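Keep the structure open as you read.

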Amino acid sequence: MSLSNLNAISPIDGRYRNKVEELADFFSEEALIKYRVLVEIEYFIALCEIPLPQLKNIDIKSFVDLRAIYKNFSSDDALAIKAIEKVTNHDVKAVEYFIKEKFDALGLSPFKEFIHFGLTSQDINNTAIPLSLKEAINLIYIPEYQNLLDRLKALTEEWMEVPMLARTHGQPASPTRLGKEIEVFVVRMEEQYKFLKDIPNGAKFGGATGNFNAHHVAFPHMDWKAFGTSFVQHKLGLHHSFPTTQIEHYDHMAALFDTLKRINTIVIDLNRDIWTYVSMDYFKQKIKAGEVGSSAMPHKVNPIDFENSEGNLGLANAIFEHLSAKLPISRLQRDLTDSTVLRNIGVPFGHTLIGFKSTLKGLNKLLLNEVKFAEDLNNNWAVVAEAIQTILRREGYPNPYEALKGLTRTNEKINQKSISNFIDTLEVSNDIKEELKRITPSNYTGI
């Protein structure tokens, strides 16, 4: 059976493939192989640029041909490496053998033993994976994040002057403005994004146990630590973690996943609030011809986009949480548990992208029901009691809180007339009474 969207086990490779397909360039098996080839080639070139004595005669024009190996990397190349792996039973060694074949074809056979020179497989994995992760964040994640953030910013401006009854503990509370409530989510997302940008993309590079043992024994007068740092930071654009064991300690990667999880949590919170506003009839939703909201109830237009986003972001967070908790833990100088776990880092990114796109789709379908906003405010005049008692405090009026409590903490309906009548009974000046009567649920919205 050939793999298709209908028989894929994972929904991100099946039902939702068209929403996440661009992630394949960073998190698929083929992508991992390509990034491994990139690191191996750039490492060899870096050795030539030292230059090591054995490599000083290589023609630098060969570097163009060498870089073409990964720049023109194809699915056929990936399949060739997988065929070698069937023999070696080692994925990184298969990459080395593949590149050696390329060296033979390029007439570089005398130099091919300096491919993977002094390295262990984790020097390749722990640079290839952080590099692919960094590029996926920059090229895929951040644009999707920015699309959602920009839409929220636009709604903040559009709805800034829309007064809205607030609810704390589900009960009517001091009025607010719809735009301000959306702005809360904008600022929260922006604050977490600042943390995201500051997290280094850590990469391990140092040989079998992190000490450049093989490098040092072969060329004891070389400053291999300086070379490793320069290669990782200047050639690959990553942060050189040192000292390490055989593997990257993944602390920075864990911090990244934790931050991505917090951003997702903020969007989940937004989804639930918008879902609730829809259920309160604050929003209608644009209707698309031919769509069905329920198999049994023809009238329904469900807030499915926000529900879909919440479900996908929750799943993403569960995986991000496992990644951040598991990856920094490895027995002694290394165990293999990180290897299989790292192959799944594209999964939470897939669910995150689906979530972001679903929230954005839902936001673009919202239609403001201003009549309902005004109706709820007009039905809850009791919320101006806070304003009245605060002004009375300012004026030194005796026991203002208790006076308003007696008026409002009943089961009787409080309306504009009952508030006005109460104000008339207060022993304050007419100017103060006029000031109090100008307060309404629609204008008592703060700053």
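The crossing of helix 7 and helix 14 is left-handed, meaning that the near helix is turned anticlockwise from the far one by less than a right angle; clockwise would be right-handed. This is a predicted model, where local features need pLDDT of at least 70, side-chain atom pairs count only at pLDDT 80 or more, and totals for chains, interfaces and linings use all residues. Residues are numbered from 1 along each chain as its sequence is written, and side-chain values use heavy atoms, with hydrogens and water left out. Two packed helices are described by the angle between their axes and the distance between the axes.

**Helix 7 and helix 14**

- Helix 7 covers residues 121-158 and helix 14 covers residues 346-364. Helices are DSSP runs (H or I, at least four residues), numbered from the N terminus.
- Their axes come within 10 Å and cross at roughly 20°. Axes are lines fitted to C-alpha atoms over the stretch in contact, and angles run from 0 to 180 degrees between N-to-C directions.
- Helix 7 and helix 14 are therefore roughly parallel (angles under 35 degrees; over 145 is roughly antiparallel, 65 to 115 roughly perpendicular, the rest oblique).
- The contact of helix 7 with helix 14 holds 13 nonpolar, 4 polar and 3 charged residues. Ala, Val, Leu, Ile, Met, Phe, Trp, Tyr, Cys and Pro count as nonpolar, Asp, Glu, Lys and Arg as charged, and the others, Gly among them, as polar.

**Helix 14 by itself**

- Helix 14 is mostly covered, with 15 of its 19 residues buried (under 20% relative accessible area with a 1.4 Å probe, protein chains only; exposed is over 50%, partly exposed in between).

**Helix 11 and helix 12**

- Helix 11 (residues 251-279) packs on helix 12 (residues 304-326) at about 160°, with the axes 9 Å apart.
- Helix 11 and helix 12 are therefore roughly antiparallel.
- The crossing of helix 11 and helix 12 is left-handed.
- This contact has 12 nonpolar, 7 polar and 6 charged residues.

**Helix 18 and helix 19**

- Helix 18 (residues 416-425) and helix 19 (residues 430-437) have axes that come within 10 Å and cross at roughly 165°.
- That makes helix 18 roughly antiparallel to helix 19.
- Helix 18 passes helix 19 in a right-handed crossing.
- S420, I423 and D424 of helix 18 make the contact with K433, L436 and K437 of helix 19.
- By class, that contact has 2 nonpolar, 1 polar and 3 charged residues.

Definitions and conventions: Helix = DSSP H or I, 4+ residues; strand = E, 2+ residues; numbered from the N terminus. Contact = heavy atoms within 4.5 Å.
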